[in-house]
Amino acid sequence: MRKTTRAWLTGASVVASTAILLAGCGNQTNTSSTQQSGTSTDTTLHVAQGTKWNDEFIPNLDSSGYTSAMWQLSFDPLLNFNNKLGIEPWLVSKYKYSADHKTLTCWIQPNANWSDGKPIVSQDVLLDMNFLASPAYNGPHLQGQSEYLVDNVVGESKIQSGKAKSFADTGGFTIINDKEFQVHVNQADAAFLTADLAWITPLPAHVLKNIPFSKWLTMPFDRKPTVVSGAYIPTSANGQSVDKFKANPDYWRGKPKIANVVLQYVSPDVEPSMIQNGQLDYAINGIPSDDKLKLKGQPGVSEHTDPSLEYSFLGLEDKKPYFSDVRVRQAIEYALNRQEMIQGLYKGMAVPINSPTPDSFSWAATPASQLNQYKYDPKKAEQLLDAAGYVKKGQWRIDPKTGKTLQIHLVYSSGNTVTQSEGTAIQQDLQAVGLDVVVDTPLDFNTLISRLENNDSNIDMWLMSNELGADPDPRGMWGTKDPDNFGRYSNTEIDKLIYNTWALPSDFTQAGRGEQFQKFNKFVNQQLPLVFLWDLQDVTVYSSKLNIPASHFGPLGAWPVAPDWTLSN
């Protein structure tokens, strides 16, 4: 289960996330192969993505999720996460912090080899880290999309500015031996292991060390690597979003039982029909809810549902006088019939959320019994608005500062009818308690972000989603000076609570951090810098012919294909 980004914002989600796996007629079996226990080891899994990607196999060269899904078949990270979001040994078998939490010693799996038989060594880890900090990666073309993975490592600024070439020279990386290394950081940070170091992806130094980073984007290895650390070796990459892979027989976790994978672009509009007629086996995309429900009812189809790491919210411009009053923010939360919206818009495939830390993070989430649930209560909403001074005069509430009707503008990103319906439902619920909400013309997502970044005074509220990574680190969105704090919520207490989730030396254990997250979650639950909507559900629908062990399912999804996935006869 892998996700290679920190928290990121998207337009309001239109359907619950879905991975659909149907192993049917599309699977190709070599009849000459030996089959045991009803399972073929000479099978082809046909996989689709609903958006085209670049054939760039160097991890993080292109940080698009679609490109990442491709290279994750061929390259493994240092650490991984189990279905409870607990850290799991991967290429690194164990690790140990120094007393000051500024040095992390790591040991590489003794049996971890590249597909050409060469051992995966400390130098391979260093090569990837040096690349992420290099001027070539952080220049105007590549823009250093994943540079944050190493920005806390000692000497990163020297490498990025061209004053040094390697963390081995800046004091950021020490090679103890081929299978043991140390990483040294500037600031002790409890999230460094899970949010940063875990996603470092070793690269074969014995193949790439003499090629300048400036040449990596155009070198043949990036288009079709000849040496990999992952479960599958690319055999064909045509640059047209159709890539083919074969099983790596020497994969350190064991030879995959599914022999071949074909990954191709398919328009989301036709994916459901291609799945039904057996042309596709596995689809990575947001299948419309209605199609998903139809597929769940097909004979021979199984399904698995997990809470996701993505939640939807209604953003508020907190610097506006009316939103600066917590009673108004709470009134909006009470006024929304979220459960009815979930049933109508998402077919029940979401749950109301009242905290910035979804329940998927069992160690950091706050129990519902300790949070205000803000259950639908329009009378309570009206009482709070009255108490804040926004009383009704006729149909609408009056702004006490101007004596005129308080008109609030809502905007969302364009391109989806479900988002439009979501905006309309919110508008109607708020109008029912006397707030004159106007839904403005939808904006392209990038345009919406630009206008929010530039503090556009014409925007009062907006619909958006926040998708977290494997660590619920709140930095980036909730702090007073954070770049994604588009509502400009400012509070010294929240800044202190955020700091405590990652910086207290005594809280580098998951349990210790969890205690700090409880305080942060409860504060946000009461203050509501934004209005929480719902946590979406991830539903995987797949054929009973495909066996995916239960341990692979979780908030981060089951992808990529693992050695123990099997297809029956």
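A nonpolar core is a set of buried Ala, Val, Leu, Ile, Met, Phe, Trp, Tyr and Cys residues joined through side-chain atoms within 4.5 Å. Buried means under 20% relative accessible area, exposed over 50% and partly exposed in between, with a 1.4 Å probe and protein chains only. The legends below describe a predicted model, in which local features need pLDDT of at least 70, side-chain atom pairs count only at pLDDT 80 or more, and totals for chains, interfaces and linings use all residues. Residues are numbered from 1 along each chain as its sequence is written, and side-chain values use heavy atoms, with hydrogens and water left out.

**View 1. The largest nonpolar core and a separate one.** The largest nonpolar core has 149 residues, and Ile-332, Met-461 and Trp-478 have the most contacts inside it. Helix 2 (residues 122-133) gives the most to this core, with 7 residues. Helices (H or I, at least four residues) and strands (E, at least two) are DSSP runs, numbered from the N terminus. Another core, of 11 residues, lies apart from the largest one and includes Ala-48, Ile-275, Leu-280 and Met-349. In soluble globular proteins, nonpolar side chains tend to be buried together.

**View 2. The surroundings of Trp-478.** Contact here means heavy atoms within 4.5 Å. Leaving out residues up to four places away in sequence, Trp-478 touches Tyr-311, Pro-356, Ile-494, Ile-498, Phe-520, Val-524, Pro-529, Leu-530 and Phe-532. Ring pairs also link Trp-478 into a cluster with Tyr-311, Phe-313, Phe-520 and Phe-532. Rings of Phe, Tyr and Trp (its six-membered ring) pair if their centres lie within 6.5 Å; planes under 30 degrees apart count as stacked, over 60 as edge-to-face and the rest as tilted.

**View 3. Tyr-251 and Trp-252, an aromatic pair.** The whole structure holds 20 aromatic pairs. In the pair of Tyr-251 and Trp-252, the ring centres are 6.0 Å apart and the planes stand at 65 degrees, so the arrangement is edge-to-face. Tyr-251 and Trp-252 are both buried.

**View 4. Charged groups over tryptophan rings.** A charge sits over a ring if NZ of Lys or CZ of Arg is within 6 Å of the ring centre and within 35 degrees of the ring normal. The charged end of Lys-94 sits over the ring of Trp-107, at 4.9 Å from the centre. Arg-475 lies over the face of Trp-502, with 4.1 Å to the ring centre.

View 5. A salt bridge is a side-chain nitrogen of Lys or Arg within 4 Å of a carboxyl oxygen of Asp or Glu, and the structure holds 12 of them. Asp-222 and Arg-223 form one, with the closest N and O atoms 2.8 Å apart. Asp-222 is buried at a relative accessible area of 0%, whereas Arg-223 is partly exposed at 36%. Another salt bridge joins Arg-327 and Asp-325 at 2.9 Å, N to O. Here Arg-327 is partly exposed, with 33% relative accessibility, and Asp-325 is buried, with 17%.

View 6. The closest N and O atoms of the salt bridge between Glu-382 and Arg-397 are 2.9 Å apart. Glu-382 belongs to helix 12 (residues 378-387) and Arg-397 to strand 19 (residues 396-397), so the pair ties together parts that are 15 residues apart in sequence. Glu-382 is partly exposed at 24% relative accessibility; Arg-397 is buried at 1%. Salt bridges link Glu-382, Asp-386, Lys-392 and Arg-397 in a network.

**View 7. Ser-360 in its loop.** Ser-360 is placed in the loop between strand 17 (350-352) and helix 12 and is buried, with a relative accessible area of 8%. The side chain of Ser-360 reaches the backbone oxygen of Ser-308 at 3.3 Å. Residues up to four places away in sequence aside, Ser-360 touches Lys-84, Leu-85, Pro-307, Ser-308, Leu-309 and Pro-555.

**View 8. Backbone features in loops.** Trp-559 and Pro-560 are joined by a cis peptide bond, with omega about 5 degrees. Pro-560 is in the loop between strand 24 (546-547) and strand 25 (566-568). Asn-60, although not a glycine, has a positive phi of about 70 degrees. The loop between strand 5 (44-49) and helix 1 (65-71) holds Asn-60, which is buried at 2% relative accessibility. Asn-455, also a residue other than glycine, has a positive phi near 55 degrees. Asn-455 is in the loop between helix 14 (445-453) and strand 22 (461-467) and is partly exposed, with 42% relative accessibility.

Notes. A polar contact is a pair of N or O atoms within 3.5 Å; within protein, one must be able to donate a hydrogen and the other to accept it, and residues adjacent in sequence count only if both atoms are side-chain atoms.
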